[in-house]
Amino acid sequence: MSWMGMSQFYAGVYEVVDDPSLDSIISWSKSNKSFVIWDSKELVFRDASATSCHSLSAIFVESEFG
């Protein structure tokens with residue numbers, strides 16, 4: 001993964017974790033230094049059906065392969 005791709009990956013993950021509509025699935029920890037996946041099955045389901053920038057797999061593929 002290139003440096004540019006890595007920064008895009010982190011930016012994409014940040015967007016997903018920072019989205020308040022997904023707080024029941026994935027959110028920041030109390031310390032805001034890490035995140036917690038509350039419902040991994042729902043996260044995978046939403047990721048598989050996502051068509052927006054909120055797809056973790058799309059973020060990974062885009063950052064890996066440009």
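A polar contact here is a pair of N or O atoms within 3.5 Å; within protein, one must be able to donate a hydrogen and the other to accept it, and residues adjacent in sequence count only if both atoms are side-chain atoms. The model is a predicted one, so local features need pLDDT of at least 70 and side-chain atom pairs count only at pLDDT 80 or more, while totals for chains, interfaces and linings use all residues. Residues are numbered from 1 along each chain as its sequence is written, and side-chain values use heavy atoms, with hydrogens and water left out.

Ser29 sits in the loop between β1 and β2 (35–37), where helices (H or I, at least four residues) and strands (E, at least two) are DSSP runs numbered from the N terminus. Its relative accessible area is 14%, so Ser29 is buried; the cut-offs are under 20% for buried, over 50% for exposed and partly exposed in between, using a 1.4 Å probe and protein chains only. Leaving aside residues up to four places away in sequence, Ser29 touches Ser34, Phe35 and Val36, contact being heavy atoms within 4.5 Å.

Moving back to strand β1, Ser27 is found there. Ser27 counts as buried because its relative accessibility is 10%. The side chain of Ser27 makes a polar contact of 2.6 Å with that of Trp38. Again not counting residues up to four places away in sequence, Ser27 touches Val17, Phe35, Val36 and Trp38. Ser27 can also be placed relative to Val16: the two are eleven residues apart in sequence, and their C-alpha atoms are 8.5 Å apart in space. Val16 belongs to helix α1 and, with a relative accessible area of 1%, is buried.

Then there are the rings. Rings of Phe, Tyr and Trp (its six-membered ring) pair if their centres lie within 6.5 Å; planes under 30 degrees apart count as stacked, over 60 as edge-to-face and the rest as tilted. The count under this rule is one aromatic pair. Tyr14 and Trp28 make up that pair, which is tilted, with 5.5 Å centre to centre and 50° between the planes. It links distant parts of the chain, with Tyr14 in helix α1 (residues 3–18) and Trp28 in strand β1 (residues 26–28), 14 residues apart. Tyr14 has a relative accessible area of 45% and is therefore partly exposed; Trp28, at 28% relative accessibility, also counts as partly exposed.
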